[in-house]
Amino acid sequence: MAKRVNSTRMELTRTKKRLATAIRGHKLLKDKQDEMARQFMIYIRRNRELRREVDEILSRAMAKTAMAEAEMGTSALNEALLVPSASAKAEYDTKNIMSIIVPDIKKKDEKETASLPYSLIFSSEYLDSATLDMKSVMPKLLELASVEKTCDMLSDELERTRRRVNALEYVLITEMKDTIKYISMKLEDNERSNLTRLMKVKDMMKEE
Amino acid sequence: MSETKIAAVGDRASVILFHTAGVTTRDVISLEEAESAVRELVVAGYNVIFITEAFIKDMTDLTEKYRREAYPALIPIPDRSGSMGLAEKKVIDNMEKAIGTNIFDK
């Protein structure tokens, strides 16, 4: 049942106007939701792909470091890894996806540095492999960071937009349609009672 | 475009490799230490912070706090004992939240 409203023509016109705005808003939001879902699908696929790759490479590299530590001893390992073999340089910015500001990280091209920062004589081969793995996974890690964050933000926004779209579609618009129906029925009813009264008056006048 | 500051937080064995890649590392042993390390790094202007799954799973306060902002990005990484599947689960959760269902399995 519609809310208690004044059954006047003015109220009817006002509600009709509000309904038109709500329908336009609903259409816009629905379009936004569709486009965001499309973008989200692209990002989430990439996210899953990268996450699997990165998890696998990192776990492998860490297991290799553990092996190297077992072979060389903790202090020798720490000493070997004291100096970084590369500098993780990247530039960060933001970009706008459907008016959500998401991170955008780009790996900088860097000049080749010595691939292994320690003496090869006393170090384990596991460590070499782990260090090189780590170096190669860095660009992917940075891409993962920006993609994963984008997915977090997009999923939040998508949920919010979905709620708004549903609220408009199933609550506000339905309610306003009911109100319009209620007012127009009431007005028609008044019209009819007016007509009957006139007819009655006319009959009475004829009789006189 | 500005320079990204990258850091890694976790147990020593897991983050030592990040050090070789030129990432700032903080080795921590307890959750409290990890949380204060992350807070310090954020204040120091680090935009990307990799945290081992063992610690990030209990840092809901921090992750929720920064969830709506583009930076800093707090990203889970597997630790020495391998991945706990937490990050993969997060991908699925995001999917379900946004689309309403997990369509990767279909």
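Predicted model: local features only at pLDDT ≥ 70, side-chain atom pairs only at ≥ 80, totals over all residues.
Local features were taken at pLDDT of at least 70 and side-chain atom pairs only at pLDDT 80 or more, whereas totals for chains, interfaces and linings use all residues. Residues are numbered from 1 along each chain as its sequence is written, chains are lettered from A in the order in which they are written, and side-chain values use heavy atoms, with hydrogens and water left out.

In the interface, 47 residues of chain B are in contact with 59 residues of chain A (contact: heavy atoms within 4.5 Å). The two chains bury about 4,800 Å² between them, 60% of it on carbon and sulfur atoms; buried area is the accessible area (1.4 Å probe) that two parts lose on being put together, summed over both. Between chain B and chain A there are 21 residue pairs in polar contact, both residues being at pLDDT 80 or more. A polar contact is a pair of N or O atoms within 3.5 Å; within protein, one must be able to donate a hydrogen and the other to accept it, and residues adjacent in sequence count only if both atoms are side-chain atoms. The elements giving two or more residues to the side of chain B that touches chain A are β1 (2–3), α1 (12–20), β4 (48–52), β5 (73–77) and α5 (86–99) of chain B. Helices (H or I, at least four residues) and strands (E, at least two) are DSSP runs, numbered from the N terminus. The largest share of this side, 9 residues, comes from α5(B).

The largest nonpolar core has 49 residues, and those with the most contacts inside it are A:F40, A:L58, A:M134, A:L141, B:F18 and B:F50. Its largest share, 13 residues, comes from helix α3 (residues 125–207) of chain A. Such a core is a set of buried Ala, Val, Leu, Ile, Met, Phe, Trp, Tyr and Cys residues joined through side-chain atoms within 4.5 Å. Buried means under 20% relative accessible area, exposed over 50%, and partly exposed in between (1.4 Å probe, protein chains only). Not counting residues up to four places away in sequence, B:F18 touches residues of both chains, including A:L58, A:M134, B:T25 and B:F50. B:T25, in strand β3 (residues 24–27) of chain B, is partly exposed at 22%.

A:D152, buried at 8% relative accessible area, forms a salt bridge with B:K90 at 3.5 Å between the closest N and O atoms and another with B:R67 at 3.9 Å. B:R67 counts as buried at 15% relative accessibility, whereas B:K90 counts as partly exposed at 23%. B:K90 also forms a salt bridge with A:E148, with the closest N and O atoms 3.4 Å apart. The side chain of A:E148 makes a polar contact with that of A:R51 (3.1 Å). A:R51 lies in helix α1 (residues 9–72) of chain A and is buried, at 0% relative accessibility.

Within helix α3 of chain A, A:D189 and A:R192 lie 3 residues apart, about one turn of the helix, and form a salt bridge at 3.7 Å. A:R192 is partly exposed, with a relative accessible area of 49%. Salt bridges that share partners join A:R51, A:D55, A:E148, A:D152, A:D156, B:R67, B:K90 and B:K97 into one network.

Terms used: Salt bridge = Lys/Arg side-chain N within 4 Å of Asp/Glu carboxyl O.
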